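Please examine the sequence together with the three-dimensional model before reading on.

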Amino acid sequence: MPFINAKVSAAISQEQEKQLKERLGQAITAIPRKSEQWLMIGFQDNYHLYFRGDNSQPSAFIEVQIYGNSNPPAFDKLTGEITRIFNDILKITSDHIYIKYSPTSDWGWNGSNF
């Protein structure tokens with residue numbers, strides 16, 4: 001039950017959104033027992049982001065919410081994948097991307113909690 005929410009300062013075309021969705025669906029497998037089958041993704045493009053007091057270069061803030069425990073080695077691997085994906089597709093450099101991980105033991109779906 002992962003959720004990836006990406007806020008990016010650049011515009012995202014429909015084709016780019018499709019590419020991001022597909023590649024993030026593959027990348028989530030860096031975390032054991034996570035797959036695209038349960039992945040939900042949200043995109044907010046043209047988001048007003050300032051990094052180091054400046055907004056002249058594209059930036060991204062990405063939240064990865066995970067049902068389960070923290071897994072720093074898997075999160076590290078996923079960070080590398082996410083930064084490559086956003087650089088390849090949207091040309092956002094890795095030094096302009098923040099990624100926040102939020103593992104939780106409380107997750108609801110289909111009218112009840114796990």
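Why does E15 count as partly exposed? The model is a predicted one, and in it E15 has a relative accessibility of 47%. Buried means under 20% and exposed means over 50%, so E15, at 47%, counts as partly exposed. This residue belongs to helix 1, which covers residues 14–27. Between E15 and N113 there are 98 residues of separation in sequence, and their C-alpha atoms are 35 Å apart in space.

Attention may now turn to the strands. Strand 3, residues 60–67, pairs with strand 4, residues 97–104, in the parallel sense, and the pairing comprises 8 bridges. Within it, I66 of strand 3 stands opposite P103 in strand 4.

The largest nonpolar core contains 26 residues, of which I62, V64, L78, I82, F86 and L90 touch the most other members. Two or more residues each are given to this core by strand 1 (3–8), helix 1, strand 3, helix 2 and strand 4. Helix 2 supplies the largest share, 8 residues.

When residues up to four places away in sequence are not counted, F86 touches A6, V8, L20, L24, F43, I62, K91, I92 and I97. One of these contacts, I62, is likewise among the core residues that touch the most other members.

Notes: Residues are numbered from 1 along each chain as its sequence is written. This is a predicted model: local features need pLDDT of at least 70, side-chain atom pairs count only at pLDDT 80 or more; totals for chains, interfaces and linings use all residues. Side-chain values use heavy atoms; hydrogens and water are left out. Two strands pair if DSSP finds at least two bridges between them. Helices (H or I, at least four residues) and strands (E, at least two) are DSSP runs, numbered from the N terminus. Buried means under 20% relative accessible area, exposed over 50%, partly exposed in between (1.4 Å probe, protein chains only). A nonpolar core is a set of buried Ala, Val, Leu, Ile, Met, Phe, Trp, Tyr and Cys residues joined through side-chain atoms within 4.5 Å. Contact means heavy atoms within 4.5 Å.
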